[in-house]
Each structure stands twice: as structure tokens, then as C-alpha cells.
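Thanks for coming. I have one structure to go through today, and I will keep to a few places in it. Please have a look at it first.

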Amino acid sequence: IGMVSREPDPAELARSVTALPVLHDGVFPVVSEKHPGLPILLRQGLKKTAWIGLYVTGDLKTWETVAAGAGDKPVNLYTRSDSCGAAASWAKFLDRKQEDLNGVGVYGDPGILQAVSQDPLGVGYSNFGYVFTRQGLTLAGIRLVPLDRNANGTADPDEIFADRAQAVKAILDGTYPVARKNFFFFKGPPAGLAKAFLLFVLSEPGTAVVDRVGASLPLPPEEREKMRATIK
């Protein structure tokens with residue numbers, strides 16, 4: 001069993017890989033709570049075109065060009081140095097692949113969050129299970145930058161996630177644009193102990209383990225039952 005936090009590539013499927021979703025997840029852009037332009041970023045959010053200007057074309061190099069009034073200071077851009085689902089999902093949102101992303105490479109979610117929290121001019125992205133604590137609030141030292149999905153120049157209420165529960169709802173109902181599923185990969189259809197373990201993961205006891213760990217979100221009951229029905 002391979003654990004993969006992104007969609008399968010066509011080349012992988014062509015090699016008889018069976019990819020079965022077992023979890024939901026999401027990637028969130030973050031800045032330091034000490035960012036000098038934080039009130040403006042939180043009020044306006046950032047359009048997809050702004051994120052492309054930062055992470056893809058490199059046209060936006062100062063916070064003033066990112067959001068008027070955010071300060072004429074350089075943007076310190078952070079990305080993942082390791083190949084991972086978070087970077088792949090963030091790049092897909094920007095219509096690119098991970099290797100196309102600009103930024104200083106930092107290893108892992110904890111590394112990204114530490115770099116951003118300690119840099120008032122920094123910006124990065126991280127997985128759901130790292131930006132929200134188990135108590136429901138965002139991690140100390142960071143703030144989430146709203147994604148201005150409708151490009152109206154304002155962070156609307158459904159684009160702002162003040163706590164974990166609001167983010168969970170947006171991920172599961174499909175309205176959050178950088179949501180994804182995490183997969184188990186098998187060589188062909190799962191069988192034997194691999195199949196038994198997959199069925200356990202999709203069961204109530206398996207779901208309880210996922211809830212207790214809290215790093216990702218289990219599939220809702222109706223999705224789990226549908227998955228179980230396809231592999232029995």
C-alpha cells in the first residue's frame with residue numbers, strides 16, 4: 001500500500017495502479033501574524049491572479065503590488081523543497097506543477113510554518129492538519145490569507161475561516177478551491193491483508209483513529225459506504 005496525498009498521474013494508472021481515496025485534506029496560504037499589511041490582506045483576500053503573480057510568473061515582488069496598502073516591502077516567498085501533495089495541490093490551483101513554483105524551498109509543513117511565523121514579510125502554504133490546532137484555532141504565529149474566489153476584491157464571509165470547523169465544512173462540501181483527497185495506491189485491485197486493512201480504514205473504528213490523530217479528515221459516512229461497496 002502506498003500513501004499518496006495527491007491525485008494519481010495518468011502514467012501511474014497506466015502501470016496498473018489502483019488509486020482509492022481514503023481521506024480529505026486542504027492547503028491554506030499563510031502569513032505571519034506580525035505582517036505589516038495584515039489588516040488589508042484579511043479584509044481583501046488575494047485573487048488567484050495575485051497568487052500566480054507570486055508563485056508562477058514572479059511579476060509581484062513587493063507587498064504593495066500584491067495588495068494596495070500592504071506596504072512597499074519585498075515579498076519573501078516560501079515553498080516546499082520536498083515533493084509532496086501540498087505543493088502539488090497548491091500548484092494545481094495555480095494551473096501548474098510543483099516544479100514550476102517560485103520561492104525559497106523549505107522542508108515539510110512544520111518548516112514552512114516556522115519560516116513564515118518568524119518572517120513578517122513571508123508567505124507560504126500548508127496542509128489543513130498543521131495550520132489548525134486540535135482546539136480549533138489557527139496555529140500561534142500565523143494567519144490564513146483568504147482566497148478571493150470570486151475576485152471581487154473583498155474577503156467574503158464564506159472565504160474566511162476563523163476556526164477549524166469552518167474549514168472542515170468548506171473542504172467537505174467542495175467549496176474550498178484547494179481541497180483534495182488523499183489516496184491509497186495498490187498494484188491492481190486490493191486483495192488479501194491489503195484489502196482487509198483498507199476496509200478497516202473505511203470502517204467506524206478506522207475513522208475514529210483518523211479523528212483522533214487529526215492530521216486529515218476521514219471520508220464522510222456516505223462516501224465511505226460507497227467506497228466499501230466498490231471493493232467488497
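Predicted model: local features only at pLDDT ≥ 70, side-chain atom pairs only at ≥ 80, totals over all residues.

Is S16 buried or exposed, or does it count as something in between? Its relative accessibility is 43%, so S16 counts as partly exposed. The cut-offs behind that are under 20% for buried and over 50% for exposed, which means that anything in between is called partly exposed.

I picked S16 for its backbone. S16 is not a glycine, yet its phi is positive, about 70°. As for where that happens, S16 sits in the loop that runs between helix 1 (10–14) and strand 2.

A151 lies in the loop between strand 6, residues 142–144, and helix 8, residues 164–172. With a relative accessible area of 43%, A151 is partly exposed.

Next, the surface. There is a nonpolar patch of about 620 Å², and the residues that make it are I1, M3, F197, F200, V209 and V213. Which helices supply at least two residues each to this patch? They are helix 9, spanning 192–201, and helix 10, spanning 204–213.

I1, another member of the patch, is in the segment before strand 1, which covers 2–4. I1 has 53% relative accessibility, so it counts as exposed.

Now to the inside. How many cavities of 30 Å³ or more does the count give? The count comes to one. For the largest cavity, the volume is about 30 Å³.

On to what surrounds that cavity. Its lining is made up of V22, L23, V201, L202, G206, T207, V210, P218, L219 and R224. Sorted by class, seven of the lining residues are nonpolar, two are polar and one is charged.

Which elements supply at least two residues each to this lining? Strand 2, residues 17–32, does, and so does helix 10. The largest share is that of helix 10, with three residues.

Terms used:
Residues numbered from 1 in each chain as written. Heavy atoms only, no water. Patch = residues over 30% accessible without salt bridge, like charges linked within 9 Å, V, L, I, M, F, W, Y side chains within 5 Å. Areas by Shrake-Rupley, 256 points an atom, 1.4 Å probe, with all protein chains shown as cover. Salt bridge = Lys/Arg side-chain N within 4 Å of Asp/Glu carboxyl O. Helix = DSSP H or I, 4+ residues; strand = E, 2+ residues; numbered from the N terminus. Buried < 20%, exposed > 50% of the residue type's maximum accessible area, 1.4 Å probe, protein only. 1 Å grid on protein atoms, 1.4 Å probe; cavity = no way out; pocket = protein on both sides within 12 Å on 5 of 7 lines; lining within 4 Å. Points joined across faces, edges and corners; volume = space filled by probe spheres on them. Nonpolar A, V, L, I, M, F, W, Y, C, P; charged D, E, K, R; others polar.
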